Amino acid sequence: MDFAWTPLQRELYAETLSFAQGLSATLDRKRPRPFGPAEWGAVGRHGLLGLCLARAYGGMELDAVTTARVIEAFGRGCEDFGLVFSACAHLLACAKPIAEHGHDELKDRVLAPLGTGELIGANAITEAEAGSDVFSLKTRYRAEGDEVYLDGVKSYVSNGPVADIFLVYATEDPKWGHMGVSAFVVERDRPGLVVGEPFDKMGLSTSPVSSIYLEECRIPAANRVGGRGAGAKVFSSSMVWERTCLFAGYLGAMERQLERTVEHVRQRRQFGKRLSRHQAVAHRVADMKVRLETARMMLYRACWEKHRDPSKASNLWVSMAKLVVSEAAVQTSLDAIHLHGGLGIVAECGLERDLRDAIPSRIFSGTSEIQRDLIAAGMGL
């Protein structure tokens, strides 16, 4: 295994870090709000909404390792992690599944505007009673000739309030389990689709989320992504991308927190000496560094496995990476707050927002408990 970054990877990292830091400087951190057209447009123009899409669709055709490396730089430079999250959800859970499993006419119709950010994408699979059990869906579909009708409610749709394209998962018959699930592209203006009001959340507050309601929502049968009953395959492949590349953004956020903490403990003095000279402080910072590098190694190993054999990406490595990174992101945020003392819990400081943005990482893309189940299954248990 080669641990050196290629010249292209180094160049893309440096360019994206500089872009993200400049973008972050323009955001009003005192009054966080969902991203607007200006921020989204800037992210799209930089190419971050099409990293792993084909060039024909406005993408850069990057492999998983390089995609993750660029997103790591985005997470390190942009202090608005809600924007990072929304961009990744758009690319990895909506655009990429369409790119991998959609037929040519569908891709030609929707991928280019998704790849450039002209359209905003959202993934709609979660339901109130089908969270971790993603294939116990109540949302139904029926096919009638050249049309499909969808009925159901989807919860916690990231980008839902602003999305133009929804990738909706529905079942033909709940008794068929995952074999009855199909995925469909549903445009926002389709009759029978209603987007709910945005939710207030403890974290990722600048990434808008809502429910969507489908009542006899009529779409062309040609909007199916993959074949009949292929929804489980479409969703599983999207989770490989999300559980690796999206979580690279948390590596960047942890790097930023560590740098800030190191600077703080070098400058701050207590009991006549710098904080960094107190062994308890130095050890906690050392643990932050070890945790970051362990998570980084695990995540890039999972990306390398996907790059080595995309058709057989190991759920074991992907699940281990997701588990380790999400748990590390929460603990690193707690350590950063602790080492900043009273300043750490002041909202203007920003560290408490980092913690609130990290906590959902243990839940979305499969909870930590689900990842442990997948790891155990990968070990043959």
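By class, the lining of the second largest pocket has 10 nonpolar, three polar and five charged residues; Ala, Val, Leu, Ile, Met, Phe, Trp, Tyr, Cys and Pro count as nonpolar, Asp, Glu, Lys and Arg as charged, and the others, Gly among them, as polar. The model is predicted: local features need pLDDT of at least 70, side-chain atom pairs count only at pLDDT 80 or more, and totals for chains, interfaces and linings use all residues. Residues are numbered from 1 along each chain as its sequence is written, and side-chain values use heavy atoms, with hydrogens and water left out.

Select Asp2, Phe3, Trp5, Val65 and Tyr300: of the 18 residues lining the second largest pocket, these are the closest to its centre. A pocket is an open set of points on a 1 Å grid over the protein atoms alone where a 1.4 Å probe fits, with protein on both sides within 12 Å along at least five of seven lines; lining residues have an atom within 4 Å of a point. The volume here is about 490 Å³. Helix α7 (residues 279-308) gives the largest share of this lining, eight residues.

Stay on tryptophan 5 and tyrosine 300. The structure holds nine aromatic pairs, meaning rings of Phe, Tyr and Trp (its six-membered ring) with centres within 6.5 Å; planes under 30 degrees apart count as stacked, over 60 as edge-to-face and the rest as tilted. The rings of tryptophan 5 and tyrosine 300 have centres 5.1 Å apart and planes at 75 degrees, so this pair is edge-to-face. Tryptophan 5 precedes α1 (7-26) and tyrosine 300 is in α7, so the pair ties together parts 295 residues apart in sequence. Tyrosine 300 is buried at 10% relative accessible area, and tryptophan 5 is partly exposed at 25% (buried is under 20%, exposed over 50%, partly exposed in between, with a 1.4 Å probe and protein chains only).

Next, select Thr126, Ile363, Phe364, Ser365 and Gly366, which lie nearest the centre of the largest pocket among its 41 lining residues. This pocket holds about 1100 Å³ of space. Its lining takes its largest share, five residues, from α6. Phe364 also belongs to a cluster linked by ring pairs, with Phe81, Phe85, Phe247 and Tyr250.

Finish at histidine 264, in helix α6. Histidine 264 is buried, with a relative accessible area of 17%. Leaving aside neighbours within four places in sequence, histidine 264 contacts Leu275, Leu339 and His340 (heavy atoms within 4.5 Å).

Conventions
Points joined across faces, edges and corners; volume = space filled by probe spheres on them. Helix = DSSP H or I, 4+ residues; strand = E, 2+ residues; numbered from the N terminus.
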